[in-house]
Each structure stands twice: as structure tokens, then as C-alpha cells.
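Subject: Structure for your review

Dear colleague,

I am handing over the structure below, together with notes on its nonpolar cores, its surface and its aromatic rings. Please look through it before you read on.

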Amino acid sequence: SFFPLTWSLDAYRQVLRLGDLLWRSYFNSFLITIVGTVLSVTICILYAYPLFRRDYKFRSFFSFLSFFTMIFGGGLIPTYIVCKNLLGLSNNYAALVVPMLVSPFNIIIMRTFLQTTVPFELIEASTIDGAGEYTTLCRIVLPIMKPGIATVALLTALGYWNEWFLCMLYVTEKKLYPLQYLLMEMQKNSEFLARNSSMIGASGAEALKSLPSQTMRMAVVVFIVLPIACAYPFFQRYVVAGLTIGSVKG
């Protein structure tokens, strides 16, 4: 039925029994998401801006370099060897941030946004007025880029917030677990106990069969989605159009 037959908070109680480990994983997820989003968006802007400039002579090469990595990847094993053995990304926060810092897809989105939104005449006008490259980027281009930055930041934040595979590869210490991997591991343990409840005696079997396996999935979804749902309105206010109207006069 659409409405539940009985109301119960057992699934939420089961998740909250993790105690300090749960709140530590929340802190890890927020830290990884904030630091990763800031660094990734900064790299994306610094990479996409030269690709937008028609007077940059290596523009075609770096555009192809970014696009090439979207088609051909190094594979899991070479990536694992480079990250763990060469870069030392193991059991630290860097292992959960660095591998996702550069996103060719976000770079292409930002470059396309710049090409369709920022008039090149603004760059020429600032150059005539004596502005340097960093002044032009920070004081002329960045204020116009707010909708694009907000879009890329939202995509990047969602990627970091939902990421658990990197933790499975590079992290073994529970104090570094992000929320997603911790709750996924808890769900896997609950399902394993429910499937093997017949092997641990009658009383234990009855208790384990009552574990809220399906409802726990729903509770896990609520714990994961709620922070992003609360943060989304702050990004949405920047997604507006027409910021360049009137910025260039004939």
C-alpha cells in the first residue's frame, strides 16, 4: 500500500547506534566535500579560462588533452598503482580528494559557458585599460561566471558527497570513513546477518530476522540525501540568466 501499515523508527535507531562513528563519518564527508569542491572548482576555472581565450596559442592542444582523457582512461590497476605506490594516497584524506580533483567534463562545461556568456570584447577592453591577466580573470570574468561556477560546484559536490569507491580502495581505518561507505558497510553487514540467521540458533535467528533490512535502505538514503537537499537552495540562487546584458555597449 502507499501508506505504511505500521509506523516504526527502528531503522533510524539501528543507524544511530553507531554513535561517535556516525558523526565522525559525517564530519569526514563534509570535510572531503568542501575541500574537494573548492580545489576542484579552482582547477577547473584555471584550466577552462585559457581554453576560452582565442589568443592563447596552445588552446587546441590542451582542449584535445582534456577531451582525450574522457575517451581513454588509464584503467583501475594503473590508477591504483600510481595513487597508492607513487603518490602515497593511502589511509589519509588526500586519498579521497586528489583522485577526483580534475574533471574533463566540468572543464568542458565551464569552457562552453565562458564561450557563450562572456563577450570577448570585455577581455579586450580590460586589456586596453591596462588590466593584467589575473586582474581580468578575478575582477571581470569571475563575477560573470557565477552561474557556471555554481553549476560546476554543485556537480562536483554531489560527486564527492556520493563517492565511496575510493574509500574502499585506499582506506582501511574506520576513523577516515565517509558517511556513504560507513552506511553501505553497515547495510552489507545487516544483510549478511539476515541471510545467515539460521546458523546461529533459534533465539538469535528470530532477532536477526527482525532486522529492518529494507527500511534501513530507506533510512540510509535519508541520512545521505538530507544535507545535499538542504544545501541545494544556496546554489540555486546563483543559477540566473542575463548577467552580461548591458555589459558591452556598442
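Leaving aside residues up to four places away in sequence, Met145 touches Ile45, Met110, Phe113 and Leu114, where contact means heavy atoms within 4.5 Å. This is a predicted model, in which local features need pLDDT of at least 70 and side-chain atom pairs count only at pLDDT 80 or more, while totals for chains, interfaces and linings use all residues. Residues are numbered from 1 along each chain as its sequence is written, and side-chain values use heavy atoms, with hydrogens and water left out.

Met145 is also among the residues with the most contacts inside the largest nonpolar core, alongside Phe52, Met110, Leu114 and Val141, and that core has 21 residues. A nonpolar core here is a set of buried Ala, Val, Leu, Ile, Met, Phe, Trp, Tyr and Cys residues joined through side-chain atoms within 4.5 Å; buried means under 20% relative accessible area, exposed over 50%, and partly exposed in between (1.4 Å probe, protein chains only). The elements that contribute two or more residues to this core are α2 (20-52), α6 (104-117), α7 (120-128), α8 (133-144) and α9 (146-162), helices being DSSP runs of H or I with at least four residues, numbered from the N terminus. Helix α2 supplies the largest share, 7 residues. A second, separate core of 16 residues includes Ile32, Tyr160, Val171 and Tyr177.

On the surface, Phe64, Phe67, Phe68, Met70, Ile71, Phe72, Phe105 and Leu155 form a nonpolar patch with about 820 Å² of accessible area together. Such a patch joins Val, Leu, Ile, Met, Phe, Trp or Tyr side chains within 5 Å, taken from residues with over 30% relative accessible area and no salt bridge (a side-chain nitrogen of Lys or Arg within 4 Å of a carboxyl oxygen of Asp or Glu); the areas come from the Shrake-Rupley method with a 1.4 Å probe. Helix α3 (residues 59-71) gives the most to the patch, with 5 residues, whereas Phe72 lies in the loop between α3 and α4 (76-86) and is exposed, at a relative accessible area of 51%.

As for the aromatic rings, they pair if their centres lie within 6.5 Å, and planes under 30 degrees apart count as stacked, over 60 as edge-to-face and the rest as tilted; the count comes to 15 aromatic pairs. The rings of Tyr56 and Phe62 are stacked, because their centres are 6.3 Å apart and their planes stand at 25 degrees. Ring pairs link Tyr47, Tyr56, Phe58, Phe61 and Phe62 into a cluster.

Best regards

Note on methods
Patch = residues over 30% accessible without salt bridge, like charges linked within 9 Å, V, L, I, M, F, W, Y side chains within 5 Å. Phe/Tyr/Trp six-rings, centres within 6.5 Å; stacked < 30°, edge-to-face > 60°.
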